[in-house]
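Subject: Structure handover

Hello,

Here is the structure for your files. My notes on it follow below.

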Amino acid sequence: MPRRAIVQLGLAGLVLTGCSVKVVENVEPFRLGVTNAGDADKPRVERPEPVKRYQFECRGANGNPLIILSSLEEVWANTQYKKFADVVVTYVGLQPQVLAAEENAAVNVAVEAGAVGTRNDICLAIVKACTRNNPPTISTALYGLGGVPIVKGALTLAPMAPQAAVLTKWLKEVA
């Protein structure tokens, strides 16, 4: 049966079944970001851009930078995560650096475990430990950051991070 005949039969069927169309008048045109007509007159409040606190320069096995990111979540979610051999962490937030509540808690755990240095330096080492350490050189890298106290702080800051299982295993091996 030709396509035209099928379309005609379909239209005839709709007419015979009593299909109706309701015409709606006085409808405002669609506007992006407006949930109802009353909202059109109010300006939308824009969310401020989150303040960047850290810069993560993720490097490959050859030491060349692969990508620069601005949060631990971005580092963990990056498709090249397993290719990162090292991540250089730099604080780039507002000066002077004021530790967030989670960072303070992690630093407190590290200090109680024996970490030495300024609270900001300890925090930076903890954040670095939460990123990605190359498995063949992880022990050297973690001892370079400050060892067991820093790893305990990292597990406090990010207990569910991709690196957490590796850090937990490392703690058990050195204990």
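At what angle do helix α3 (residues 101-112) and helix α4 (residues 119-129) pack, and how many Å apart are their axes? The angle is about 100 degrees and the axes are 9 Å apart. Axes are lines fitted to C-alpha atoms, for helices over the stretch in contact, and angles run from 0 to 180 degrees between N-to-C directions. α3 and α4 are therefore roughly perpendicular to each other (angles under 35 degrees count as roughly parallel, over 145 as roughly antiparallel, 65 to 115 as roughly perpendicular and the rest as oblique).

On α3 the contact is made by Glu103, Asn104, Ala106, Val107, Asn108, Ala110 and Val111, and on α4 by Arg119, Ile122, Cys123 and Ile126; contact means heavy atoms within 4.5 Å. By class, 7 of these residues are nonpolar, 2 polar and 2 charged. Here Ala, Val, Leu, Ile, Met, Phe, Trp, Tyr, Cys and Pro count as nonpolar, Asp, Glu, Lys and Arg as charged, and the others, Gly among them, as polar.

Some background on the model. It is predicted: local features need pLDDT of at least 70, side-chain atom pairs count only at pLDDT 80 or more, and totals for chains, interfaces and linings use all residues. Residues are numbered from 1 along each chain as its sequence is written, and side-chain values use heavy atoms, with hydrogens and water left out.

The protein has 7 helices and 3 strands, in the order α-β-β-α-β-α-α-α-α-α from the N terminus. Helices (H or I, at least four residues) and strands (E, at least two) are DSSP runs, numbered from the N terminus. Of the 175 residues, 29% count as buried (buried means under 20% relative accessible area, exposed over 50%, partly exposed in between, with a 1.4 Å probe and protein chains only).

The sheet

The 3 strands form an open sheet in the order β2-β1-β3, with antiparallel pairing; two strands pair if DSSP finds at least two bridges between them. β2 (65-69) and β3 are the edge strands, each pairing on one side only. Neighbouring strands are turned by 20 degrees against each other on average, direction ignored. α4 packs on this sheet, where it touches β1 and β3, and its direction makes about 145 degrees with that of β3.

Strands β1 (residues 54-59) and β3 are joined by 6 bridges. Cysteine 58 stands opposite valine 87 in β3, and glutamate 57 stands opposite valine 88. On β3 (residues 86-91), Val87, Val89 and Tyr91 make up the covered face, while Asp86, Val88 and Thr90 lie on the uncovered one.

The core

Which residues touch the most other members of the largest nonpolar core? They are Phe56 and Ile126, out of 35 residues. A nonpolar core is a set of buried Ala, Val, Leu, Ile, Met, Phe, Trp, Tyr and Cys residues joined through side-chain atoms within 4.5 Å. α4 gives the most to this core, with 6 residues. Isoleucine 126 touches Ala106, Val107, Ala110, Ile150, Gly153, Ala154 and Leu157, not counting residues up to four places away in sequence.

Valine 98

Valine 98 is in the loop between β3 and α3. Valine 98 counts as exposed because its relative accessibility is 57%. Leaving out residues up to four places away in sequence, valine 98 touches Arg53, Tyr91 and Glu103.

Regards
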